[in-house]
Amino acid sequence: MIITHPVLGPRDAQEFTYLGDASLIHRPDPEADDATGAFHEYLYQRENIAGEHRELWFHEQGDRSWLVVTRNTLTHEVLDVEFANDVARREGRSQ
Amino acid sequence: MRNSAFQVFKQALQGDVGWKPVWRSPDPKPEYDFIIVGGGGHGLATAYYLAKKYRQANVAVLEKGWIGSGNVGRNTTIIRSNYLLDGNEPFYEFSMKLWEGLEQELNYNAMVSQRGIINLFHTDSQRDAFVRRGNAMRLNGVDAVLLDREALRKECPFLNFDNARFPILGGLSQPRGGTVRHDAVAWGYARGADQHGVDIIQNCEATGFLISDGVCTGVATPRGQIRAKKVGVAVAGSSSRVMAKAGMRLPIESHVLQAFVSEGLKPIIPGVVTFGAGHFYVSQSNKGGLVFGGDIDGYNTYAQRGNLPTVEDVCEGGVAIMPMIGRARLLRMWGGVVDMSMDGSPIIDKTHIEGLYFNGGWCYGGFKATPASGVAFAHLLATDSPHETATAYRFDRFSRGYMIDEKGMGAQPNLH
Ligand SMILES: Cc1cc2nc3c(=O)[nH]c(=O)nc-3n(C[C@H](O)[C@H](O)[C@H](O)COP(=O)(O)OP(=O)(O)OC[C@H]3O[C@@H](n4cnc5c(N)ncnc54)[C@H](O)[C@@H]3O)c2cc1C
């Protein structure tokens, strides 16, 4: 698989490590009343989609940036790559 | 027809034209007491024990392709019961005992071969961890032997003991571990289930569940709706896709594990050897091919094929520990989609939907579990209570904090 890094261009997936579903960006609020349930969902439950999957990859052997890669889990085709920072800010995370 | 040496002889003299198909291909009935979704090892074993041990007469297995087309026919055939944790070890030892009697039970040659399994260690601390695991095994009545360098050298003289990065200090051996002909397990259970009246319906995908008011009353298929008092799902790598049709999310990610077979070679590898530190394990089939594999590729996938970096990683591990195999040629390789759970351990449990039961999360190691998983799932389906060896395999263990995490990796499926 080739992941087209937003700055560094096409890179072999071998240079990256994989974390999982990009929903991990949205860590629940530990102060909230439903925090226990929310953290259970966040930590353990997954959509595990067959098809277009948004996921977090870390460019460990590169510029050490976190990326959100949209990839088809049925074909391995990489459809979109963005910096996780940009995605997180756009989706309302402050940091 | 009972299989026996006499039967083989008799059929041979008659030109081998007397063999009959060993299971029927019935049309689905409109209603069953039990429907098992998934005709892999676990689904077929469940149906077999439901019919035989729990005396249920009205059971069907629905398989979307042909039986044995999933992981039961794709794995590297290793059986063992060398686990550390209490939630696991009695279950896997129960499975090992069932393997030991399986061929007589099924009257089917599954080539169960207890040729032993050895896990290599390379540091003092790794040896300490293996000693602990070996002791945990023995506390559960399971055979475990710690081999030092010299004892290991006698069994496996061909290993690269003085590898600079991973010098081999010894190994933890389970002499009763070994290999089983995987296809024959599917066929043997299918034949046994069929003989006890189970309808095995191939090319019949469960496309949805009939659920109203929180009660599951059957499944939808391209061949029409089939009603059932209880539905048990055992679809391995497809677990999340299938349970999503019941509106459920699971603590599971689907990943691909690759397997490799070399050209046939003279007998050299006595049992199963695992080089965990280098992501490589190997055994030798009766035909002489080296059967080997390593880690999962490590990203979510439903494509039944992996990528080249893992091929390279596995082969590097192999050549590091057994330099001689560098000259063997690879004959074939393939991948299977495995249901990696959040703690690396399986689930055999009821769901919150009445009448709907789930068996999955077997990761890369569910083949060895096939007989025990069949008994435990059949027990749960028949009695509505967990089997005594499977009480820890509950959905709610994650919310209650009772994970069964053999490797202590946390909720990161690609590290288990
Ligand atoms: C390469 C590889 C090597 C492995 N090596 C080992 C090993 O050495 N030792 C070990 O213990 N384990 C090993 N495993 C793991 C083991 O193979 C699996 O854990 C186990 O086979 C899973 O259970 P099963 O046999 O029931 O799965 P499967 O055979 O995959 O059965 C599931 C069935 O469900 C069917 N299905 C899916 N969706 C539907 C639907 N909607 N309707 C109807 N049917 C459906 C599928 O077609 C499939 O036939 C390995 C796995 C792989 C991929």
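## Contact between the chains

In this predicted model, 24 residues of chain A are in contact with 25 residues of chain B. About 2200 Å² is buried between chain B and chain A, and carbon and sulfur atoms give 47% of that area. Three residues, Arg249(B), Asn300(B) and Tyr302(B), supply 30% of the area that chain B buries against chain A, more than any other three residues.

## Polar and charged pairs

The interface of chain B and chain A holds 3 salt bridges. Arg249(B) forms a salt bridge with Glu47(A); the closest N and O atoms of the two are 3.4 Å apart. Arg249(B) is also one of the three residues named above for their part in the area that chain B buries.

Polar contacts across the interface of chain B and chain A come to 18 residue pairs, with both residues at pLDDT 80 or more. On the side of chain B that touches chain A, the elements that give two or more residues are helix H7 (239-244), strand E12 (252-264), helix H8 (308-321) and helix H10 (397-400) of chain B. The largest share comes from E12(B), with 3 residues. By class, this side of chain B has 11 nonpolar, 9 polar and 5 charged residues.

## A sheet in chain A

Chain A has an open sheet of 4 strands in the order E3-E4-E5-E6, with antiparallel pairing. Strand E3 (17-21) and strand E6 (78-83) of chain A stand at the edges; each has a single partner strand, so one side of each is left without a neighbour in the sheet. From one strand to the next, the twist averages 30°.

One pairing in this sheet joins strand E5 (residues 66-72) of chain A to E6(A), in the antiparallel sense and over 5 bridges. Arg71(A) has Val78(A) as its bridge partner in E6(A).

## A sheet in chain B

Chain B has an open sheet of 8 strands, with mixed pairing and the order E5-E6-E4-E13-E14-E15-E12-E16. Its edge strands are strand E5 (145-148) and strand E16 (330-341) of chain B, each of which pairs on one side only. On average, neighbouring strands of this sheet are turned by 20° against each other, direction ignored. Strand E12 of chain B, a member of this sheet, also gives 3 residues to the side of chain B that touches chain A.

Within the sheet, strand E4 (residues 117-121) of chain B and strand E6 (residues 170-174) of chain B pair in the antiparallel sense over 5 bridges. Opposite Ile118(B) stands Ser173(B) in E6(B).

How values were computed
Residues numbered from 1 in each chain as written. Chains lettered and ligands numbered in written order. Predicted model: local features only at pLDDT ≥ 70, side-chain atom pairs only at ≥ 80, totals over all residues. Heavy atoms only, no water. Contact = heavy atoms within 4.5 Å. Buried area = accessible area lost by both parts, 1.4 Å probe. Salt bridge = Lys/Arg side-chain N within 4 Å of Asp/Glu carboxyl O. Polar contact = N/O pair within 3.5 Å; in protein donor to acceptor, adjacent residues only side chain to side chain. Nonpolar A, V, L, I, M, F, W, Y, C, P; charged D, E, K, R; others polar. Pairing = 2+ DSSP bridges. Axes fitted to C-alpha atoms, helices over the stretch in contact; angles between N-to-C directions.
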